[in-house]
Amino acid sequence: MIITFKKDADPQVLDSIKQLLRQKHLHGFQAGQRLAIVHQKTIEFNEEQRNAIEETISNEPTYIAVSRMFHPHDTVIKLPHSEIGGTHFAMIASSPVIQSNGQIHRAAIMAHQGDATILAGNAFAQQMNAYDDENTNTGENGLQYLRAAADANELDVMSEVDSVAHMAMVAHYADIIKIGARNMRNYELLKAAAQTNKVLALTRAKDATIDEWLNVAEYIAELGNMQVILVDEGIRTFADEHTAYTMSLETIPLLKKLTHYPVLISPSISSNDHHLVAPMTRAALVSGANGVLIDVSDDTKNHIDEAAITSQEFLTLGQQVKSLTSSMPLWRENDD
């Protein structure tokens, strides 16, 4: 249930309600004048407590802390160089592979020039099949390169982790810990990630419904971490012949209706086609997304990533995003 308190409610009465919850061993979240109580539909309050309550909602979704019912205002994640959420649109440049110190520094310079505020890179690449090159894992050296390159160019760092064993190391270097789609239901990994108190980028599993995704975000919130960004890389459908996955743009405004968390999309992973990255980025922006995660690489000779756009294409896309963003206040006003 979700309780909304009156603005002039006596703080001592509110404390007595919280004390009542503790006595009944009930778990709750508070945001402003709202208090969400998990797994509870009714509670007996005394007259003084009832008089402090403006409204009680008992038909809340299973994801209470994540829901906009409980937290009506957008969550804005604030990092040293970035703001994600609200009216902000974050450009995140991702290096498909951390190959060397020089390579990641060049990527960081390009990212900064293209108005990105976050540099993403994975030092522990997941093996897709038995013939993948095992040397793509650069480990802690790669994380050090990534951190140094980002700091030199006033960028924040995002890095994916797929093992509890690597959690502390990644948390030491990254501002944002990314939980990949394959690990959306890996509760041991989620618990370890939540306990770092870092910002978590939770990626939707390719077969997950929106409610399943949001309930995983709720699990993280119940562990005490409400610094969550939702990342959509597309879902598996029957369109695999032309794209890796399908990006449903209606998911963006739907999520903005259901939750206060920021929403990012990854057009590189969903499409696996560099020709589709720019149009999907523009579409995501006007659909209300809070940012995009884009693979960028100038190593076209080795075809490291078919979905990666070049640094020049990223610079052009950054200019297009800036132009579109200048028109967004008017659109949002009309939508409201």
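## Basis of the description

Helices are DSSP runs of H or I with at least four residues, and they are numbered from the N terminus. On that basis Ser 271 belongs to helix 9, which covers residues 267-271. The model is a predicted one.

Is Ser 271 buried or exposed? Its relative accessible area is 4%, and since buried means under 20%, Ser 271 counts as buried. Apart from neighbours within four places in sequence, Ser 271 is in contact with His 242, Thr 243, Ala 244, Leu 276 and Val 277.

Eight strands close into a barrel with parallel pairing, and their order is 7-8-9-10-11-12-13-14. Between neighbouring strands of this sheet the average turn is 25°, direction ignored. Helix 3 (residues 101-113) packs on the sheet, where it touches strand 7 (90-95) and strand 8 (118-121). The direction of helix 3 makes about 145° with that of strand 8. Helix 10 (residues 274-287) also packs on the sheet, in its case touching strand 13 and strand 14 (291-295), and its direction makes about 170° with that of strand 14.

## Strand 12 and its partners

Strand 12 (residues 228-232) runs parallel to strand 13 (residues 263-265), and three bridges join the two. Within this pairing, Val 231 has Leu 264 of strand 13 as its bridge partner. Strand 11, helix 7 and strand 12 together make a right-handed β-α-β unit.

The buried residues of helix 6 are Leu 189, Leu 190, Ala 192, Ala 193 and Ala 194. These buried residues pack against helix 5 (164-173), strand 10 (176-179), strand 11 and helix 7.

How many aromatic pairs are counted? The count comes to one aromatic pair. Tyr 187 and Tyr 219 form this pair in an edge-to-face arrangement, at 5.0 Å centre to centre and with 85° between the planes. The pair links distant parts of the chain: Tyr 187 lies in helix 6 (residues 187-194) and Tyr 219 in helix 7 (residues 210-222), 32 residues apart. Tyr 187 is partly exposed at a relative accessible area of 40%, and Tyr 219 is likewise partly exposed, at 26% relative accessibility. A further ring contact involves a charge: the charged end of Lys 206 sits over the ring of Tyr 245, 4.8 Å from the ring centre.

A separate description applies to an open sheet of four strands, which has the order 2-3-1-4 and antiparallel pairing. Which strands stand at the edges of this sheet? Strand 2 (28-31) and strand 4 (53-57) do, each with a single partner strand, so one side of each has no neighbour in the sheet. Neighbouring strands here are turned by 15° against each other on average, direction ignored.

Strand 1 (residues 2-5) and strand 4 run antiparallel and are joined by four bridges. Across this pairing, the bridge partner of Ile 3 is Thr 56 in strand 4. Helix 1 (residues 11-23) lies across strand 1, strand 2 and strand 3 (34-37), and runs at about 10° to strand 3.

## Gln 320 in helix 11

Gln 320 is placed in helix 11 (residues 311-325). With 29% relative accessibility, Gln 320 counts as partly exposed. Gln 320 and Ala 278 are separated by 42 residues in sequence, and their C-alpha atoms are 9.1 Å apart in space.

Conventions
Residues are numbered from 1 along each chain as its sequence is written. This is a predicted model: local features need pLDDT of at least 70, side-chain atom pairs count only at pLDDT 80 or more; totals for chains, interfaces and linings use all residues. Side-chain values use heavy atoms; hydrogens and water are left out. Two strands pair if DSSP finds at least two bridges between them. Axes are lines fitted to C-alpha atoms, for helices over the stretch in contact, and angles run from 0 to 180 degrees between N-to-C directions. Contact means heavy atoms within 4.5 Å. Rings of Phe, Tyr and Trp (its six-membered ring) pair if their centres lie within 6.5 Å; planes under 30 degrees apart count as stacked, over 60 as edge-to-face and the rest as tilted. Buried means under 20% relative accessible area, exposed over 50%, partly exposed in between (1.4 Å probe, protein chains only). A charge sits over a ring if NZ of Lys or CZ of Arg is within 6 Å of the ring centre and within 35 degrees of the ring normal. A crossover is right-handed if, with the strands pointing away from the viewer, the path from the first strand over the helix to the second runs clockwise.
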